[in-house]
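Subject: A structure for you, with notes on its salt bridges

Hello,

Here is the structure I wanted to pass on to you. Please have a look at it first, and then read my notes below.

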Amino acid sequence: MALGWFSKKNDGISPQENLPRIGTVEGPALFRHREDEVLLSYEIAPVDGGGNVILAFSKVVYFEQNPNNVHEGLANSKYPVRMWDITEVPVSDRTERWSCEFHCHRFWTISFNDWMIEIVFSSVRKVHEDREQISPDAALLNYMISLR
């Protein structure tokens with residue numbers, strides 16, 4: 001049965017980028033950097049070596065963070081989302097609203113323990129990765145200081 005723009009069978013897709021899996025202990029850190037850039041720092045799962053990774057999303061036109069517990073809240077999400085994972089939503093009202101013939105946007109949902117990020121952007125790149133056992137917010141702060 002179709003629900004708006006997607007059916008319940010549409011679980012989204014994995015992004016084309018090869019990114020470290022999300023750890024399940026630490027909460028992420030999110031920072032709006034410049035007018036249209038958002039930085040996301042998250043814990044890397046032990047199976048991928050642990051530590052932290054920082055992603056820079058460019059030409060961000062929309063983002064929000066929502067409280068969504070992975071065990072209870074994800075089933076109620078309007079968009080496809082998977083536990084502790086990055087889900088690309090290839091067809092949505094979010095990308096249709098912001099894309100045009102000159103500029104395509106992508107829409108991701110990213111799930112953590114107690115909240116989820118929804119972000120519409122043009123490009124993403126990994127700007128930092130380390131194996132230090134520090135929190136994602138400390139890793140993001142260290143990265144921002146290194147930019148000076």
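What follows is a short tour of the salt bridges.

Please keep in mind that this is a predicted model.

Let's begin with E37 and R34. These two residues form a salt bridge whose closest N and O atoms lie 3.0 Å apart. E37 has a relative accessible area of 8%, so it counts as buried, whereas R34 is exposed, at 57%.

Next, have a look at D93 and K78. Their salt bridge has its closest N and O atoms 3.3 Å apart. The pair links distant parts of the chain: D93 sits in helix α1 (residues 93–98), while K78 lies in the loop between β6 (62–67) and β7 (86–88), and the two are 15 residues apart. D93 is partly exposed, with 31% relative accessibility, and K78 is partly exposed too, with 48%.

Helix α1 also holds R94, which pairs with E118 from strand β9 (residues 115–121); this pair again connects distant parts of the chain, 24 residues apart. In the salt bridge between E118 and R94, the closest N and O atoms are 2.6 Å apart. E118 is buried, at 5% relative accessibility. R94 has 16%, and because that is under 20%, R94 counts as buried as well.

Enjoy exploring!

Best wishes

Terms used: Residues numbered from 1 in each chain as written. Predicted model: local features only at pLDDT ≥ 70, side-chain atom pairs only at ≥ 80, totals over all residues. Heavy atoms only, no water. Salt bridge = Lys/Arg side-chain N within 4 Å of Asp/Glu carboxyl O. Buried < 20%, exposed > 50% of the residue type's maximum accessible area, 1.4 Å probe, protein only. Helix = DSSP H or I, 4+ residues; strand = E, 2+ residues; numbered from the N terminus.
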